[in-house]
Structure formats: structure tokens, C-alpha cells
Amino acid sequence: MEVAMLVNLLAAGIRSGTPLLFATIGEIFAERSGVLNLGVEGMMLMGAMTAYGVSHATGNPWLGLLAGIIVGGFMALLHAFMTVTLRADQVVSGLALTFLGMGLSAVLGAPLVEVRNAPKLPAFPIPGLSQIPVVGPILFDHNIIVYIGFLLIPVAWFYIYRTRPGLNLRAVGEYPAAADTLGINVTRLRYYYVILGGMLAGLGGAALSLAITPLWIEGMTAGQGWIAVGLVIFAGWDPLRGAMGAYLFGAIRRLPLDMQNISFFLQHPTYGYFMNMLPYLFTIIVLVIGSREALRRRVGAPAALGVPYVREERGA
Amino acid sequence: MRHNRSWLVLGLLVAVALVFAACAAPASAPADTGGETAAAESESAAPAESGVQIPEVEEGKFNVAFVYVGPIGDGGWTYAHNQGREYLEEQMGDQVATAYLESVPEGADAERVIRNLARKGFDAVFTTSFGYMDPTETVAEEFPDVDFVHVSGFKKNDTNFANLFGAMEDMKYLTGMIAGARAAEDGSNRVGYVAPFPIPEVIRHANAASLGMRQTCPECQLDIRWIFTWFYPDLERQAAESMFDAGASVVITGADTPGPVQVAGERDLWGVGYDSSNACDVDPEHCLTVPYWNWGPEYVHLVEQMMAGEFTGADIYFEVDSGALGLLGFMDGQEPQPGVPESVIPQVQEILGKMEAGEFTRFDIFTGPIKNNKGEEIVPEGVTLTQSDLEGLSGIPGREDCTICMSWLADGIVPDAEIPQ
């Protein structure tokens with residue numbers, strides 16, 4: 001019985017952590033290149049709205065997914081133009097992007113609220129593997145978007161830490177002047193990765209509206225974009241830890257619901273607040289413990305994060 | 001490279017412009033987070049500039065303003081109110097002009113917004129969230145010539161401020177009957193209820209559902225999970241999943257989105273939506289019914305009173321016979337959803353018929369003997385709860401105190417369940 005509960009808990013965590021996973025890894029890419037993008041919430045909402053709308057209009061959820069990714073990328077392009085080319089304040093521009101995304105998705109998505117069953121991405125229990133006890137239901141009995149998330153994690157990790165372009169990415173975020181002298185085009189790379197981050201945020205939003213909570217409802221991300229921004233920090237800009245944090249967050253959101261019939265806990269006056277705080281608290285604690293290792297190895301924020309790069313200017 | 005600074009300034013300006021552009025659009029956020037932008041739109045198409053824009057009134061018409069807590073695109077509570085506003089416009093034609101403000105945070109902001117609407121010349125203001133109660137009361141004192149209606153509260157004055165709510169518990173009772181019959185037929189004998197907050201309104205609805213369920217399935221138990229939000233799609237779904245995992249074959253939601261119905265569909269089980277009549281559209285095959293609000297007729301009724309000068313402060317609590325409450329599949333011109341067991345349809349129709357005739361009300365549901373979920377007697381034989389009991393009122397000026405206050409869980413709810421404090 002307890003095993004079954006744990007299996008359900010972990011499966012639910014992986015499922016509902018998936019949109020968060022995409023957004024978190026996207027933001028890791030952007031921040032690794034030195035650009036903070038606080039517009040994740042707005043990009044996710046635009047991605048979610050567009051994906052749902054296109055899926056409804058074309059009848060093909062995959063086209064919807066693609067459209068969500070593209071729109072996320074365009075939103076991020078705006079941010080890249082503001083912060084990389086115009087060197088505007090990254091915080092201000094990011095916040096503006098969030099407001100823009102919230103407002104625009106609400107206006108453009110208004111007719112979609114009436115649409116209640118646009119085509120969704122399919123559930124896909126992997127034949128054979130999903131039959132394995134315990135492991136099967138946790139890992140291999142999910143919507144297809146969840147497996148895309150599984151694939152993204154090692155790919156992102158390998159790209160950032162083990163490939164030459166990944167090294168360039170990190171260089172641009174740590175010490176753009178040095179990267180520049182090596183012939184790396186800082187501006188271009190920052191554009192690339194900010195846009196990639198936006199595409200992944202758009203994918204996260206599309207995952208929500210096409211698979212995880214498949215509907216378009218105004219403001220449906222309910223703050224998950226902000227959680228992604230926070231997770232990036234606590235994950236120490238590492239996609240593996242970011243993924244762990246995203247899944248954990250999903251699971252801990254479910255835990256207090258499963259535990260509600262343990263009454264002494266429920267009777268405490270702060271139960272409701274505590275319950276809604278728990279995912280944040282627990283994720284922070286685990287990632288802080290996890291980051292002790294990272295601290296020891298002196299891995300932290302990209303040194304040039306938030307600093308516009310101006311060629312031949314001192315500082316950077 | 002000195003021109004860089006002017007680029008920076010320009011960039012900041014554009015960013016600021018973007019912020020304001022976003023504020024001018026009907027931006028929104030989940031109602032419970034608050035602190036977000038409020039936006040305005042009026043039928044007379046007042047150009048939106050920035051921030052909270054108080055709409056214009058139309059000369060020669062009776063102008064009615066609505067203040068919404070969420071976005072009209074929430075597909076639930078506010079959406080249903082907005083449908084009611086559109087119905088009011090349709091029915092009253094040229095006599096009435098309406099305007100609305102959405103995502104207005106509860107509290108001090110709300111008071112300012114309501115006051116500005118009154119000052120602007122609106123003849124009536126409807127405020128549709130519990131947290132607008134005190135602001136509405138304050139402004140109603142200041143503008144005796146404007147009529148105010150507050151939805152889901154319990155305050156009023158003697159002249160121009162009324163409160164409005166309805167006996168959704170009636171529809172929840174019928175919903176419980178349907179869910180119980182379904183669970184009995186499935187052999188699960190277990191139903192789930194997604195409960196937003198531990199407040200009298202939600203407890204009353206869940207209790208009514210449980211009492212209804214016991215009518216058609218005396219062995220059934222009602223599982224209940226508190227989620228402490230009206231609107232958080234992922235959490236609403238997870239609460240439903242949690243109860244399906246615990247063995248329920250039907251989950252009824254008391255929160256805003258139809259997510260729990262979708263979960264039911266994914267598991268080939270049964271869900272029940274809430275708030276808005278289109279909640280079943282997400283998966284009609286697996287959706288048993290929706291108890292929904294149909295605010296339109298009640299709005300029309302009140303506005304007609306106002307225009308005739310007959311409106312006064314009152315506690316208005318409408319019943320099914322007002323036409324403002326619906327149960328999908330059982331109202332005029334509707335067919336029961338395919339998942340509803342045949343056997344329960346005539347039973348539901350019979351009681352609904354009595355409700356529509358005014359012969360069966362919330363007080364009939366809450367008449368003893370009723371036990372709580374631990375088996376203790378709460379309402380003795382022959383005793384009927386009062387309106388104050390149902391609303392859990394105590395210490396409210398002008399209202400009697402409750403004696404059997406709505407802070408107990410009814411028979412049928414799982415014995416381990418508690419009301420969080």
C-alpha cells in the first residue's frame with residue numbers, strides 16, 4: 001500500500017514537474033550566456049496560449065507544440081534585442097516581457113477559453129517498460145511530452161559541460177571579454193541562447209496547455225515561470241539539478257494532498273499555508289544541501305550574469 | 001562609443017512603454033495571488049491608456065458596472081458572472097449599458113475602484129467576490145443614490161446595498177445523488193470532492209454532496225481534499241488524481257477549472273465540474289454533470305427593480321426556482337450526460353422538479369437527523385438548520401448567530417477527514 005502511494009507520488013511529480021523542467025533548463029541556457037530573463041512566466045503563457053490555439057485551429061497538437069516553441073523564441077528575441085543590442089536593464093526588460101506575455105495571452109486567448117477540447121498530445125505508455133513494477137509507472141507510463149523532457153536533461157548537460165559550443169556558452173557568461181578576444185561572437189551567442197531559453201519556456205507552456213493541464217485558461221501557469229527562475233539559482237545553473245528540482249517540486253505539491261487524512265497535521269492552524277509552502281521549502285532545502293558540493297567546487301552564478309557586454313569597456 | 005548611453009535610455013523607455021502597454025491590456029493573474037493589474041473595458045469603447053481605467057457611462061441609459069476578482073477568461077467563476085452580464089445586456093436592450101473591471105485585487109484597491117465607478121455616474125455596481133464586501137459597504141454609505149449588490153457575502157444596509165448568493169447546495173445535493181449512483185454501479189463505493197477552502201460555503205456544498213450521495217448509495221464514502229486555492233490548475237488536477245488513486249471512481253470539483261474532469265477522462269472514470277455550464281465540454285463522455293451558476297436572470301431581476309426604484313438593501317439568497325442555478329443535463333432542453341446511470345435519472349428529475357416548484361429547498365437538505373462523519377449526531381431529528389447556521393454566521397450585526405454552525409463534515413464523508421483550522 002505504501003509502495004503504491006510512493007509510486008503515485010513520484011509519477012505525479014514527474015508529470016507535473018515537466019513544464020517546469022523545460023522552463024528551468026531554458027533559463028539555465030539564457031543565464032549561462034550572461035543574460036537574466038525574468039520573462040519566463042510571460043513566455044510560458046504565450047507558449048501555452050499559442051500552442052492551444054494552433055492545436056485547435058489545425059487539429060494537430062504537434063503543430064501547436066511547434067508554434068508554442070516559436071512564439072516563446074520570438075518573445076525572447078525581444079528580450080535579447082532590448083538587453084544585448086540596446087543593453088537595457090535585464091531585470092526591467094524581463095519584467096516587461098512577463099507583463100507583455102500575461103496581457104497579450106489574455107487578450108489573444110480570450111476566444112480560446114470557450115474551446116474546451118483542442119487536440120492534446122497523446123499519452124504513451126512505453127510497451128514492455130511500463131509493465132515493470134514500481135519503475136514502470138513512475139518513469140514509463142506518461143504523456144509523450146514527459147519523455148521529451150527526459151531526453152532534454154542529458155542532452156542539455158552534455159552540451160553545456162562536454163562540447164565546444166557549450167564551453168563557448170559558459171565563457172560568454174563568465175568572462176565575455178576573454179571570449180571575445182578568442183574570436184567568439186558574444187552578441188550572437190547571447191542572442192542564440194536567450195532565444196533558445198525562450199523556445200524552451202514556450203515548450204514548457206505548450207506542455208502545460210497540450211498535455212499536463214490540457215486547456216487554455218487565462219493565467220494558467222499560476223506562477224510556475226517564477227518558480228523556474230528560482231529553481232535555476234538553487235540548481236546552481238546545472239541542468240541535472242534543475243531537473244531534479246523541477247520533479248521534486250511537482251512531487252511535493254502532491255504530497256500534502258495524499259497526507260490529508262492524517263488528522264493531527266490537518267488540525268494545525270497554519271496547515272493550509274504550510275501545505276502551499278512545502279514545495280518551495282522542500283525544493284530549496286534539497287537544492288541547498290545539494291549545492292554544498294557545488295560551493296566546494298566554486299561553481300556559482302555565471303560571473304557576467306546581468307552585465308551587458310560592451311566591447312573595449314573596462315569591467316565585464 | 002559614447003552613443004551607447006542614449007541607446008540605454010531609449011531601451012529603458014521602450015521597456016517602460018511595454019510595461020504600460022501590458023497594464024492597459026486586460027492583464028490578469030490567478031485571483032488568489034492578488035496585486036496584479038486591473039484593466040477596464042467598456043461597451044462604449046473608452047480608449048484604454050494605462051492602469052485602472054474607469055469606464056465611461058452612456059447617457060440616457062441605466063449604467064451598470066461589474067467588478068470581477070479574476071479574469072473573464074478563467075472559464076469558471078468570473079466567466080460565469082460575465083456570461084450573466086452579457087445576458088443582462090441582451091435582455092434589457094437599449095435601456096441598459098454595462099461595463100466591467102476584471103482582476104481587481106480585493107482590499108484597498110477595490111474600494112478605490114468601486115468609489116470611482118460610483119463617482120463616474122454608474123447607477124449600479126455589482127461586486128462579485130467575498131473580499132469586496134467591506135469596500136462595497138463603505139462606498140454604499142457615501143453614494144446613497146447608487147445601488148450596490150455584493151455577491152457571496154452577508155452584509156447589507158437598509159437602502160442601497162444588498163448581498164446576493166444562491167443555494168448552490170441544492171445542486172450539489174443532486175450532484176451527490178448522481179455521483180453516488182455512479183460509484184455504486186462501478187462498485188467503488190467511493191467519491192472524491194476537491195475542496196478549495198475550509199469556509200462555510202465550501203463545507204456546506206461538500207456536506208450537501210455527501211448527503212445526496214448517501215441517498216443513492218448508503219455504503220458510499222466521500223473522500224475530500226483541501227487545496228487552499230480557487231484557481232491553480234495543476235493542484236486541482238493533483239487533488240483529483242490523489243483521490244482516484246485512493247479508490248474513488250467519481251471526483252466532484254468545487255474549484256474553478258475543469259481539470260479534475262480531464263483527469264477522470266484519462267483514467268476512464270468520472271468527473272463533475274463546477275461554476276460554468278461548459279465545464280463538461282472538456283470530456284463529455286466522462287463528465288457526469290455540472291452544477292452551475294446562471295447569474296443572468298437574477299441580474300435582470302435586480303436591475304429591473306433598480307430601474308423601477310424598488311431596490312432596497314436586503315439579504316438575497318435565491319433558490320432553484322429563480323432560474324439562476326443549473327444542473328447540466330437536467331434543465332429544460334438538456335439531456336443527461338451519457339455516464340449518468342439510468343436508474344438515478346428519474347430520482348434526480350423528481351427532486352429537481354420539486355426544487356423548481358419551490359417545494360424542496362436547502363432547508364430540506366439540512367433537516368435532521370444528520371450525523372457528522374464520525375457518527376455523532378449534529379442535527380437532531382426534526383430540527384432544521386437556519387440560514388445563519390448554513391452560512392456559519394456569528395457576531396454579524398443584524399443577523400442572528402448560528403447555533404449549529406457550518407463547521408462539521410456530514411455523514412458519508414470519510415471518517416478520518418477533518419476541517420483544517
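A residue is counted as buried here if 20 or more other C-beta atoms lie within 10 Å of its own C-beta atom. By this criterion, 56% of the 421 residues of chain B in the predicted model are buried, and for chain A, which has 316 residues, the corresponding share is 55%.

With regard to overall form, chain A contains 13 helices and two strands, and its C-alpha atoms occupy a box of roughly 65 × 50 × 45 Å when the extents are taken along the principal axes. The radius of gyration of chain A is 20 Å, which agrees with the value near 20 Å that a compact globule of 316 residues would have. Among the contacts in chain A that join residues at least 6 apart in sequence, 80% link residues at least 24 apart.

Chain B, by its secondary structure, comprises 12 helices and 16 strands. Of the contacts in chain B with a separation of 6 or more, 63% are accounted for by residues 24 or more positions apart. The domain assignment divides chain B into domain 1, made up of 26–166 + 295–322, and domain 2, made up of 168–290 + 328–391. The C-alpha centres of these two domains of chain B are separated by 29 Å, and the contact between them involves 16 residues of domain 1 and 17 residues of domain 2. On the side of domain 1 of chain B that touches domain 2, the largest share, three residues, is contributed by helix H2 (residues 77–92) of chain B; by class, the residues of that side divide into eight nonpolar, four polar and four charged.

A helix pair of chain B was examined in terms of its axes. Helix H5 (residues 168–186) of chain B and helix H10 (residues 345–356) of chain B have axes that come within 10 Å and cross at roughly 170 degrees, and H5(B) is therefore roughly antiparallel to H10(B). The contact is formed by Asp170(B), Leu174(B), Met177(B) and Ile178(B) on the side of H5(B), which meet Gln347(B), Val348(B), Ile351(B), Leu352(B) and Met355(B) of H10(B). Classified by residue type, this contact of H5(B) with H10(B) holds seven nonpolar residues, one polar residue and one charged residue.

Burial was also considered for helix H8 (residues 259–266) of chain B, in which seven of the eight residues are buried, so that this helix is largely enclosed by the rest of the structure. The buried residues of H8(B) are Gly259(B), Pro260(B), Val261(B), Gln262(B), Val263(B), Ala264(B) and Gly265(B). These buried residues pack against one helix of chain B, H7 (233–245), and against strands E7 (190–195), E9 (250–253), E10 (270–272) and E11 (287–289) of chain B. After H8(B) comes Asp268(B), for which the phi angle is positive, near 60 degrees.

In contrast to the buried residues of H8(B), Gly60(B) is exposed, because 9 other C-beta atoms are found within 10 Å, and a residue counts as exposed at 12 or fewer. Gly60(B) is located in the loop that joins strand E1 (39–42) and strand E2 (62–67) of chain B. Relative to Met355(B), one of the H10(B) residues that meet H5(B), Gly60(B) lies 295 residues away in sequence and 39 Å away in space, C-alpha to C-alpha.

Notes. Residues are numbered from 1 along each chain as its sequence is written. Chains are lettered from A and ligands numbered from 1 in the order in which they are written. This is a predicted model: local features need pLDDT of at least 70, side-chain atom pairs count only at pLDDT 80 or more; totals for chains, interfaces and linings use all residues. Axes are lines fitted to C-alpha atoms, for helices over the stretch in contact, and angles run from 0 to 180 degrees between N-to-C directions. Helices (H or I, at least four residues) and strands (E, at least two) are DSSP runs, numbered from the N terminus. Angles under 35 degrees count as roughly parallel, over 145 as roughly antiparallel, 65 to 115 as roughly perpendicular and the rest as oblique. Two residues are in contact if their C-beta atoms, placed from the backbone, lie within 7 Å. Ala, Val, Leu, Ile, Met, Phe, Trp, Tyr, Cys and Pro count as nonpolar, Asp, Glu, Lys and Arg as charged, and the others, Gly among them, as polar. The radius of gyration is taken over C-alpha atoms; the globule rule is 2.2 Å times the number of residues to the power 0.38. Domain bounds come from an automatic or database domain assignment.
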